[in-house]
Every structure is written in C-alpha cells, then in structure tokens.
Amino acid sequence: MIIQLIAGTTGALGFGMLFGLRPKYLPIAALGGFLCWAVYLVGITFIWEGVFWPTVLSAAVTSLFSEIIGKIYHIPASAIYTPAVVPLVPGASLYYTMNAIVANDWIKAQYMAVETVKYTLGIAIGMSAVYTIFAIKKRIQLKGSRYE
Amino acid sequence: MTSTMSALQTGERVNRIEYYNALMNQLLTIGESMLTSGAGVNKVEETLAAIGRAYGASRMDVFVITSCAIVTMYPEDSCAVTQTRRILSPGSPNFSRVEAFSKLSKECERTPITLEELTDRVESIVSRQYPEKLIYLGSVLAAGGFAVFFGGTLMDGILAAAAGAFVCYCQRRLAWISPNQVVYLFLCALCAGFVISAMGAAFPAVHPDMIMIGDIMLLIPGVAMTHSVRDILAGDTISGFMRLLETIVWAGALACGFMIPMWLI
C-alpha cells in the first residue's frame, strides 16, 4: 500500500509535467495524486467491495480538492484534477482489454472491458457530481446562464 | 451631402464588421488553443462567451466540439458575425497555456484590452512551449512510477523509466510524419514495444508486461476517455461520444502496436 501510494504520487507528479503544469503547482498535483489513491484505498479496504464506489468517492474527493485549490490560486480546477486523478485512470485494464481482443480471448476481454467501464464511469460520476455542485453555486452567485 | 453622410456611415459599418471579424478570429484562436491544450469543451465555451460579452456582444452563441468551434457574436453596434474553426489535431495537454488564457479572459472581462494587444497576448500564449527537459522528466517519473504502482519491481520501474524517456523521444519525433492520431499512436507503441521486448529478452528477471503497462500509461488515452464520459454526463453529448469512439480506436491502435513486437521477439 505504501509503495503504491509513493508510486502513485510519483506518477501524478510525472503527469503534472506531461500536462504542462506550471512548476509551482507540481507539488500540489502530486499531493492530489496521493490523496486520490489514499481515499481509493480507504474505500476499497474498509467500506466497499469492488472498484466502482471507491472510484466514485476518490474522484469526488480529488475533484473537491482541485476546485478548492483552483479557487485559492485562481487557476482552472482541471489543471490540478487531471494529473491528480491519473492513478484511477484505467490504463492497465484498457490495455488488458485490447490485449485480450488482439489475442482473441473474448472472455478475458469482456471482463477487462467491464472493469475499464467501472473505473471510467466511477471517475466521471465522481468528478461530475462535484463539478455540478460548483456550477450551481456559480450560477446562484452570477444569477445568469453561460448561454446568455 | 446626404450621399457623403451615407458613405461615411457605410464605411464606419464596414470598419466595425472588420473589427468584429478580427476579434472573432482571435476568439477562435483562443478556443482552438485551449481545446488542444486540454481544456474541456465547457470551459472553452464559457471563456469565449465571457470574452465576447466583455467586447460588447449582447449575445454570444458558442458551440464547441472536439473537432470544430462555431461562434456567433451579436454586437450592439453592428450586425451579427459568425466564424467557424476546424480543429484537426487533438494536440497535447499544456495546462499552463489554459491557465494563461483563463487569466487573459478574466482580465478582459474586467477591462477589455485593445484588439492589437489582445492579438499580441494570444500569439505570445500560443507560442509558449513547456520546457522539453520537464516533459522528458515527466515521462520518466510517470512510466517508472506506474510500472511499480501496477505491481512491478523496482528494477521494472527503472527500466520502464528508461523506456519512458524513449517513448517521449518517439512522441516528439514521430508526430510530424504521422498523418493522423491512429498512425501516430501505432508507431509510438511499435517503437516502444520493440525496446521493451528487447529489455525483457536481455534481462530475464524483469517483468516486460509491467514495464509495458508503465509506458502504456504515457500513451493510452485514459484521461481522454474519462473526460469524454464526463462530457456525456454534462450534456455535451456530441463531443463526449466523438472523443469516446476516438479513444477506443486509439487504444486498439496502441494494443496492435505493442502486440507486434511481442509476437516477433
């Protein structure tokens, strides 16, 4: 677990650089990556079985963290969120899915595809929930619509 | 006298239309650059609408999808102006650019700067490149980190980091010869696959699959796939589905690229 936390944090830091984040925000992105995986581990170890709900919780907490950082430093929340959430991104299961398809192993492909969908949906739902709350708050503050 | 007045008014109207066309061109450059630098369609639509309103639009109709942006501006002192921009490349993430555009937008909302100054600022932000050494370092850290993260040993991590630097080199050198993203990702995966398979053959104690997964994280469109689902949930259905289908095809190209060296070596 500790190795995963360190490795996940290092990965998030690396992705912060790959995503062109300004150097002064790189430690925050790494902290976000640490938080993301720590919350996921708490969820999957102590609360739920299966990957979906821990992913939703972790994505929501990371999104909240990014929104708060975005407000403090006046930067887009996605700049922090995108590298921070990378430990949850189903890169490995997406690869195994495609690997199984190329190898003509359709049973494994089906299983891995479902895992990939669970992670992807979990991240999307978690981040959308927090995004929606902040969007409603912004609309109330502005009393207007983005389409006006 | 009346004809002179009319000619003057026509000239003024033409100037205004030219002004708004030039402004729209800058808005679309901002939108294109933000989109190819990793901003979501929502954020791009919001930013363009806000800048347009700051420059005197009574209404802004902004429609952005991942491959196209259409903007209609309704200025209070001129007729409506519409421009379209086709976005051909998915680009590469550069959040410092997104941040700079976001700041520029807020600045313009407070006090609109002149069109000349806006053009200069936009050009300066678009030409801003992220330091190459940080991109290489990022690839090394991300590939090494995720090889260990997904269950690899420290040795797997070190070799994945070395291969990560090679993947980064391939990404930077193969982009210009690739006609599209599918070919680009296939070529990158093919090159990386050969190097990793050779590492596996040279060092029997390491786990080539773990090294591969670490390096695949650099190429696999996992973030794009996640964002596409978020776009669908947020109501940007066309963008979301377009990107989702693209990412599935990209993942397929990657798998094929990585499989060929595994079969051969």
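**View 1. Salt bridge between A:K118 and A:E115 in chain A.** In this predicted model, A:K118 forms a salt bridge with A:E115, the closest N and O atoms being 3.3 Å apart. A salt bridge is here a side-chain nitrogen of Lys or Arg within 4 Å of a carboxyl oxygen of Asp or Glu. The two residues, A:K118 and A:E115, lie 3 residues apart in helix 6 (residues 106-142) of chain A, and are therefore separated by about one helical turn. Helices (H or I, at least four residues) and strands (E, at least two) are DSSP runs, numbered from the N terminus. A:E115 is buried, with a relative accessible area of 14%, whereas A:K118 is partly exposed at 32%. Buried stands for under 20% relative accessible area, exposed for over 50%, and partly exposed for values in between (1.4 Å probe, protein chains only). By the same rule for salt bridges, the count over all chains comes to 8.

Conventions for all views: residues are numbered from 1 along each chain as its sequence is written, and chains are lettered from A and ligands numbered from 1 in the order in which they are written. The model is predicted, local features need pLDDT of at least 70, side-chain atom pairs count only at pLDDT 80 or more, and totals for chains, interfaces and linings use all residues, while side-chain values use heavy atoms, with hydrogens and water left out.

**View 2. A:H74 and its positive phi.** A:H74 has a positive phi of about 55 degrees although it is not a glycine. The residue A:H74 is placed in the loop between helix 3 (52-73) and helix 4 (77-84) of chain A. With a relative accessibility of 56%, A:H74 counts as exposed.

**View 3. Salt bridge between B:R85 and B:E32 in chain B.** The side chains of B:R85 and B:E32 meet in a salt bridge (2.8 Å, N to O). This pair links distant parts of the chain, with B:R85 in strand 3 (residues 81-86) of chain B and B:E32 in helix 1 (residues 2-36) of chain B, 53 residues apart. B:R85 counts as buried at 16% relative accessibility, and B:E32 counts as partly exposed at 24%.

**View 4. Salt bridge between B:E246 and B:R243 in helix 10 of chain B.** B:E246 forms a salt bridge with B:R243, and the closest N and O atoms are 3.0 Å apart. Because B:E246 and B:R243 are 3 residues apart in helix 10 of chain B, about one helical turn separates them. B:E246 counts as partly exposed at 27% relative accessibility, whereas B:R243 counts as buried at 17%.

View 5. B:A163 is placed in helix 6 (residues 154-174) of chain B and is buried, with a relative accessible area of 3%. Leaving aside its neighbours within four places in sequence, B:A163 is in contact (heavy atoms within 4.5 Å) with B:I196, B:M199 and B:D215. B:A163 and B:T66 are 97 residues apart in sequence and 31 Å apart in space, C-alpha to C-alpha.

**View 6. Helix 3 of chain B.** The 16 residues of helix 3 (residues 95-110) of chain B should span 22 Å at 1.5 Å a residue, and the end C-alpha atoms are 23 Å apart, which agrees. The expected span is 1.5 Å times one less than the number of residues in the helix. Buried residues of helix 3 of chain B include B:F95, B:E99, B:F101, B:L104 and B:C108.

**View 7. The interface between chain B and chain A.** In this interface, 54 residues of chain B are in contact with 52 residues of chain A. The two chains bury about 4600 Å² between them, 73% of it on carbon and sulfur atoms. B:F95, B:E99 and B:F149 supply 15% of the area that chain B buries against chain A, more than any other three residues. Buried area is the accessible area (1.4 Å probe) that two parts lose on being put together, summed over both. Between chain B and chain A the count is 1 salt bridge, in which B:E99 pairs with A:R22, the closest N and O atoms being 2.5 Å apart. The largest share of the side of chain B that touches chain A, 11 residues, comes from helix 5 of chain B.
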